[in-house]
Amino acid sequence: MDLGLGGRGYLLTGASRGLGFATARALIDDGARVLISSRSAASVDAAVSALGTAASGVPADLADAGAAEALVTAARERLGRIDGALISVGGPAPGTVLDTAEEDWRAGIESVLLGPLRLVKALVPHLDEGAVIGLVLSTSVRQPLDGLAISNGLRPGLAMTAKGLADELGPRGIRVVGLLPGSIDTERLGQVLASRSGGGLPDAGVVAPIPLGRVGRPEEFGRVAAFVLSPAASYVTGTMIAVDGGRLRTP
Ligand SMILES: NC(=O)c1ccc[n+]([C@@H]2O[C@H](COP(=O)([O-])OP(=O)(O)OC[C@H]3O[C@@H](n4cnc5c(N)ncnc54)[C@H](OP(=O)(O)O)[C@@H]3O)[C@@H](O)[C@H]2O)c1
């Protein structure tokens, strides 16, 4: 199947490694061009080198109020046209509801909630019919995750915000989709596991609830995200797609 990605241009945040990077790789493999971003200029440069000539990069921290406009300006300059965006951002601090400090909630709200919202608002005036916005969320949209109170608190609200946005943009032919990674083998997963057990590696307790019997590989997420962002998924909007090996206890 031709995904129809040839010549299209995508902005990806949180894409110097992990799920964003894997999505950039999958988009490029099928002919797209990307502008990737994350906070560290050195990490962005290294990722661009790894991705090759179809990629360029710009550093930006989504928690900064000015990042959204800067990213959209850079995307228009580098890509010429913006056919879509994958908005990913580092996960919020781990902790239980009772243990999580208010300042961690505020930091999470700035980066996980307001950062993506600001970018969406800056992007939309520059999107045409056929464009798409993908939001990397979490299975905490549907089921709480142990020790991730901020994620459990913010992601469901973002999912419903994405649903509302899909209603608002649908008449213009612009799609909005949320992606719900389960346990995918990235630096973030290591951090979450280390905060729970001190180990950091997926053990039997992590794998047992996953019907496929293993954690996911970043490229398994990236391929799904690239499909969702492609014209091949032209009738998919206003929905959440889990990439979790079957772990969620909801269909
Ligand atoms: N992997 C999983 O199993 C899993 C499961 C559920 C949900 N998620 C969520 O999916 C998202 C991506 O996770 P991941 O596994 O790809 O994490 P990752 O491997 O740690 O990568 C995170 C990426 O985001 C960038 N980043 C972090 N904070 C940022 C900020 N404020 N502004 C812009 N870029 C930022 C990082 O680069 P810099 O450090 O250079 O900024 C990096 O490129 C996170 O929100 C995570 O909570 C992941």
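Which residues have the most contacts inside the largest nonpolar core? In this predicted model, Ile36 and Leu179 hold that place, in a core of 73 residues. A nonpolar core is here a set of buried Ala, Val, Leu, Ile, Met, Phe, Trp, Tyr and Cys residues joined through C-beta atoms within 7 Å. Helix H5 (residues 149–169) gives the most to this core, with eight residues. Residues are numbered from 1 along each chain as its sequence is written. Because the model is predicted, local features need pLDDT of at least 70 and side-chain atom pairs count only at pLDDT 80 or more, while totals for chains, interfaces and linings use all residues.

The protein contains eight helices and seven strands, taken as DSSP runs (helices H or I, at least four residues; strands E, at least two) and numbered from the N terminus. Its radius of gyration is 17 Å, close to the 18 Å given by the globule rule for 251 residues, so the protein is as compact as a globular protein of that length. The radius is taken over C-alpha atoms, and the rule is 2.2 Å times the number of residues to the power 0.38. The C-alpha trace spans about 45 × 40 × 40 Å along its principal axes. Of the 251 residues, 46% count as buried; a residue is buried if 20 or more other C-beta atoms lie within 10 Å of its own, exposed if 12 or fewer, and partly exposed in between, with C-beta atoms placed from the backbone. Among contacts (C-beta atoms, placed from the backbone, within 7 Å) between residues at least 6 apart in sequence, 70% join residues at least 24 apart.

Leaving aside neighbours within four places in sequence, the contacts of Ile36 include Leu12, Ala24, Val44, Ala47 and Val48. Val44, Ala47 and Val48 are, with Leu51, the buried residues of helix H2 (residues 41–51). Seen down the axis of H2, these buried residues fall within an arc of 100°, so they line one face of the helix; the arc is that of the directions from the helix axis to the C-beta atoms. They pack against helix H1, strand S2 (33–38) and strand S3 (55–59). On the other side of H2, Ala42 and Ser49 are exposed. Just after the helix, Gly52 takes a positive phi of about 95°.

Helix H6 (residues 187–197) has Leu189, Val192 and Leu193 as its buried residues. These fall within an arc of 95° about the helix axis, so they line one face of H6. Their cover includes helix H7 (204–207). Val207, found in H7, is partly exposed, with 15 other C-beta atoms within 10 Å. Beyond four places in sequence, Val207 touches Pro202, Gly213, Arg214 and Val215.

Helices H1 (18–29) and H6 each supply at least two residues of the shell around the ligand. Of the 29 residues around the ligand, Gly14, Gly18, Arg39, Gly90 and Gly91 come nearest, a residue being near if its C-beta atom, placed from the backbone, lies within 6 Å. The shell divides into nine nonpolar, 15 polar and five charged residues. In this division Ala, Val, Leu, Ile, Met, Phe, Trp, Tyr, Cys and Pro count as nonpolar, Asp, Glu, Lys and Arg as charged, and the others, Gly among them, as polar.

Pro251 lies in the segment after strand S7 (239–243) and is exposed, with 5 other C-beta atoms within 10 Å.

How values were computed:
Contact = placed C-beta atoms within 7 Å.
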